[in-house]
Amino acid sequence: MSLAHGRDHLAIPGPSVIPSRVLQAMQRPAPNIYGGELVALADSVRADLATIARSANEPVIYLGNGHAAWEASLANVFARGEHLLALVTGRFGRGWARMADGLGIEVTTLDFGATTPADTSRLIESLTADRRVGGGPRIKAITAVLSDTSTSVRNDIPAIRAAMDAADHPALLMVDAICSFACEPIDMDGWGIDVMVAGCQKGLMTPPGLAFTFQNDRAIAARRSLGTARCVTPYWDWLPRIEPSMFPERFGGTPPTHHLFGLRAALDLLAEEGIEHVWSRHEAFARVVWTAVEAWGADGGLALQVPDPAHRSHAVTTIGTAADDATRLREWCEQEAGVTLGVGLSAGAAEAVTSDALFRIGHMGHLNPPMLLGTLGTIDTALKALDIAHGSDALDRAAGAIAGINRGR
Ligand SMILES: *Cc1c(COP(=O)(O)O)cnc(C)c1O
């Protein structure tokens, strides 16, 4: 007998749970799109996004998903035939690089596998070699994913910037923060990021549909100096969106009215909590998840994908199982209990996209202890129902970890 009843729980790494206040803010008639409250609201949204990003410049907003932000960012920086060095720590980093290839950009990939972040000594080697080629450095930009949502590996972006500085290389640093934005610490200007991309459906708790690119003055200068071989087409061009002659030009046409209302409510929730508290809450919940998985793994086939806690995302956790246990577990949780876990995405270029021996827990956005403990308790129940070997005290330890956080330890 399935006990899935009442409100289903989505524990995938995006879209994340949408707060009632966000949904309610969207439940209203369409506004004027040429003036009135929407203009001030869009200004406030851009300003607040820049504050969370710690970016002096406001973002450009596209009606689109993360892939739209990927394409927009590449198209505004590169001309066809220019060189990109892509640091890959999972499927998302690879996807961004593939998109660059599709735009006619020359891509070199440094693949660091699926369990560790980018090794900066290899980056320094590549950049140093690039400086020595005839005609000076060719690599125009480097792409890196802060937290790759497939592997849950988190890169050390300041270390990547330090490596670029150590090699004295002028490339732009482009960072995918789609999984991390409003979940994990980000300091765009302080970390020396030139271009950063994000979306609204993960830490920002809003239905999928808004994509953001943040670009510093160096990146905008790169856009301005693109020649006729530029990749960017009029719709994706930063320039009219940064300096619109009338309000809808900021969005390349009709603004995403209701998404803006929803996002405004989400930004209010984040401001009320305080972004540093939001980050700490995500880190605390991530540690609770790791504690539970380690306990399950003590006596069975479950294991965290990323061995070193310092290399793990605070927004998503990838878990390995034996054979096809991950798929059986996900299906049980969804059908029998109304909890949806993230599918396993394999990291390698040659492998199938999905894996039956991996699953992911999204722990991003609108989340509290009953939601998190409910997810972990449902997984524990599924392990029992499916006779998958597992350590016995995962829930006890998870509860203890939450009690420890609460006591300020
Ligand atoms: C979700 C995600 C994407 C892709 O976003 P879509 O909205 O699915 O296009 C890209 N990169 C990262 C790190 C993500 O988490």
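**Close-up views of a predicted model**

**View 1. Tyr62 and Trp236 as an aromatic pair.** Tyr62 counts as buried, because its relative accessibility is 0%. The model shown here and in the other views is predicted. Trp236 is also classed as buried, its relative accessible area being 19%, and the cut-off for that class is under 20%. Six aromatic pairs are present in the structure. In the pair of Tyr62 and Trp236, the ring centres are 5.2 Å apart and the planes stand at 40°, so the pair is described as tilted. Tyr62 belongs to strand β2 (residues 60-63), while Trp236 sits in the loop between α7 (217-224) and α8 (238-242); the pair therefore ties together parts that are 174 residues apart in sequence.

**View 2. Tyr235 beside Trp236.** Tyr235 and Trp236 make an edge-to-face aromatic pair, with 5.1 Å from centre to centre and 90° between the planes. Tyr235 has a relative accessible area of 34% and so is partly exposed. Together, Tyr62, Tyr235 and Trp236 form one aromatic cluster.

**View 3. The largest pocket.** The volume of the largest pocket is about 330 Å³. Its lining consists of 16 residues, and Arg7, Asp8, His9, Val17 and Met371 lie nearest the centre. At least two lining residues come from each of β1 (9-11), α1 (20-26) and α12 (369-385). Helix α12 gives the most to this lining, with five residues. Sorted by class, the lining of the largest pocket comprises eight nonpolar, six polar and two charged residues.

**View 4. Met371 and its contacts.** Met371 is part of helix α12 and is among the residues nearest the centre of the largest pocket. Apart from neighbours within four places in sequence, Met371 contacts His9, Val17 and His366. Of these, His9 and Val17 are also listed among the residues nearest the pocket centre. Between Met371 and Glu125 there are 246 residues in sequence terms and 45 Å in space, taken C-alpha to C-alpha.

View 5. Because both domain 1 (9-16 + 274-407) and domain 2 (20-269) give residues to the lining, the second largest pocket lies between them.

How values were computed
Residues are numbered from 1 along each chain as its sequence is written. This is a predicted model: local features need pLDDT of at least 70, side-chain atom pairs count only at pLDDT 80 or more; totals for chains, interfaces and linings use all residues. Side-chain values use heavy atoms; hydrogens and water are left out. On a 1 Å grid over the protein atoms alone, a cavity is a set of points where a 1.4 Å probe fits but cannot get out, and a pocket is an open set with protein on both sides within 12 Å along at least five of seven lines; lining residues have an atom within 4 Å of a point. Grid points are joined across faces, edges and corners, and a volume is the space filled by probe spheres set on the points. Helices (H or I, at least four residues) and strands (E, at least two) are DSSP runs, numbered from the N terminus. Ala, Val, Leu, Ile, Met, Phe, Trp, Tyr, Cys and Pro count as nonpolar, Asp, Glu, Lys and Arg as charged, and the others, Gly among them, as polar. Domain bounds come from an automatic or database domain assignment. Contact means heavy atoms within 4.5 Å. Rings of Phe, Tyr and Trp (its six-membered ring) pair if their centres lie within 6.5 Å; planes under 30 degrees apart count as stacked, over 60 as edge-to-face and the rest as tilted. Buried means under 20% relative accessible area, exposed over 50%, partly exposed in between (1.4 Å probe, protein chains only).
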